[in-house]
Amino acid sequence: MAKSEFSDLIPRAKEILRRNDAGVFTKPGPRQYPHQWNWDSAVIALGLAQYDLPRALTEIRSLISGQWRDGMIPHVVYHLTPSDYFPDPTFWQIKNSPHAPPIATSGITQPPLLASMIRTIHARTPISDFIREVYPALLRWHRWLHTARDADQSGFACLIHPWESGTDDSPRWLEALAAITPIDVPPFRRGDTTHVAAAERPHHTDYERFVHLIDVFRRNRYDPPTLLSQSPFLVQDILFNSILYRADDDLRALALEIDQPTAEIDSWLDKMRANFDIRFWDEQQHLYFDYDARTQTSIPVNTAMTFAPLYAGIIDPHRAQLLIDEHWSNPAEYGRSGRVHYALTTVSKSESMWEARRYWRGPVWIVYNWLIVEGLKRYGYHDLADGLRHDSLTLIARSGFYEYYDPRDGSGCGSPDFSWPAALAIELLSHV
Ligand code: GLC
């Protein structure tokens, strides 16, 4: 790929990150998302580190400042108030939990990309002192995921809310959500549809359940064992656990870097590796499926998250090949076809709930493309990785820095001036 084809993207991307810079953290989007989000910040730090390392480290420190006393790093840290974002900080009522930190945060977590981003930054510009500073916080977060969120000793972290998955409105969660009866839902006013067309956002019935779940958590004061046994929503997500596996491996590398023991991390990695295919691989369809830990059944919805284990590097090459041959290249699922021209649609076109413009129901997300570019490279599919990288950069160059994109015509959806594609344009162009 000719770098020059996209050469004006880097200055444009830096300008977006500058505009979304709120001092000690970067807003994912200027209006829709005015606080600090966990996995957004990890990726933003990766982008910032390429040209302003001190600012990247500030981004990470700010995220860690929201860490709970029991180790959880929350999905949102509210440094600034007020805003019209719902839920506002008071809605979470985290002060009722003995684990809550002194600053305002949400009461749930998000995909643990942070250790991996720190390892990558360190590989490019050594930051050993910084690793020494943040390692204890990272270790405590990973330990919390492997204990407070391990419902069945399988080694996998369970999610208690779709927002923890980062793929909030994915059809993977629909059946589990439908089984929930939202009772006494506290009054709330959505902020998301103020800035973005309702047709590109979650349906009201799902949103009610999102709010109901938060209400269950706050009534139980965010006590981890109670939530594990009581949360009406309890799933093991292949994307989250793939990210966790790779992040554990990266945490292990950071530990070695600063002469820390690794036995505990090794035991997490061993357990996940031993159980991954048993839990998630579907031998009939040759797909990886998420798992509903509440009903103890597989969630047979064909989404692009089936490729997440490539990013983890946790599966054998034969299964990777099956994924590519039977699904990635299949025009009825993820391959190019008459109606879809840009990869990677987040849901298989063969699914009845596929929608080109609705949040996590089909649109292309650059953050997910980038994870899969990494995964494809890891398994030696360099041409496919190049193609996906090219699609990602083309979407950004043609439509701008959007939260997500319509895979049919490449038009932008959701929030404009988004930080993720800005940080990742820099990454994809600098590390070809
Ligand atoms: C949406 C996404 C989530 C992201 C957040 C901020 O909620 O689903 O993954 O972290 O926006 O960009």
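Visitor: How many bridges join E3 to strand E6?
Guide: Strands of a sheet pair through backbone hydrogen bonds, and the pairing may be parallel or antiparallel. Two strands pair if DSSP finds at least two bridges between them, while strands themselves are DSSP runs of E with at least two residues, and helices are runs of H or I with at least four, numbered from the N terminus. Here E3 and E6 (residues 290–292) run antiparallel and are joined by two bridges, with Gln-236 standing opposite Tyr-291 in E6. This is a predicted model, in which local features need pLDDT of at least 70 and side-chain atom pairs pLDDT 80 or more, whereas totals for chains, interfaces and linings use all residues. Residues are numbered from 1 along each chain as its sequence is written, and side-chain values use heavy atoms, leaving out hydrogens and water.

Visitor: In what order do the three strands form the open sheet?
Guide: The order is E3-E6-E7, with antiparallel pairing. Strand E3 (235–236) and strand E7 (297–299) are the edge strands, each pairing on one side only.

Visitor: At what angle do H2 and helix H5 pack?
Guide: Two packed helices are described by the angle between their axes and by the distance between those axes. The axes are lines fitted to C-alpha atoms, for helices over the stretch in contact, and the angles run from 0 to 180 degrees between N-to-C directions. H2 and H5 (residues 114–124) pack at about 5 degrees, with their axes 9 Å apart, so H2 is roughly parallel to H5 (under 35 degrees counts as roughly parallel, over 145 as roughly antiparallel, 65 to 115 as roughly perpendicular, and the rest as oblique). Contact, meaning heavy atoms within 4.5 Å, is made by residues including Ala-42 and Val-43 of H2 and Leu-114 and Met-117 of H5.

Visitor: Are H11 and H12 roughly parallel or roughly antiparallel?
Guide: Helix H11 (residues 238–257) and helix H12 (residues 263–280) pack at an angle of about 155 degrees, with their axes 10 Å apart, and therefore H11 is roughly antiparallel to H12. Among the residues making the contact are Tyr-245 of H11 and Trp-268 of H12.

Visitor: Is Gly-47 buried or exposed?
Guide: Buried means under 20% relative accessible area, exposed over 50%, and partly exposed in between, using a 1.4 Å probe and protein chains only. Gly-47 counts as buried because its relative accessibility is 1%. Gly-47 is found in helix H2 (residues 38–48) and, leaving aside its neighbours within four places in sequence, is in contact with Ala-423 and Ile-426.
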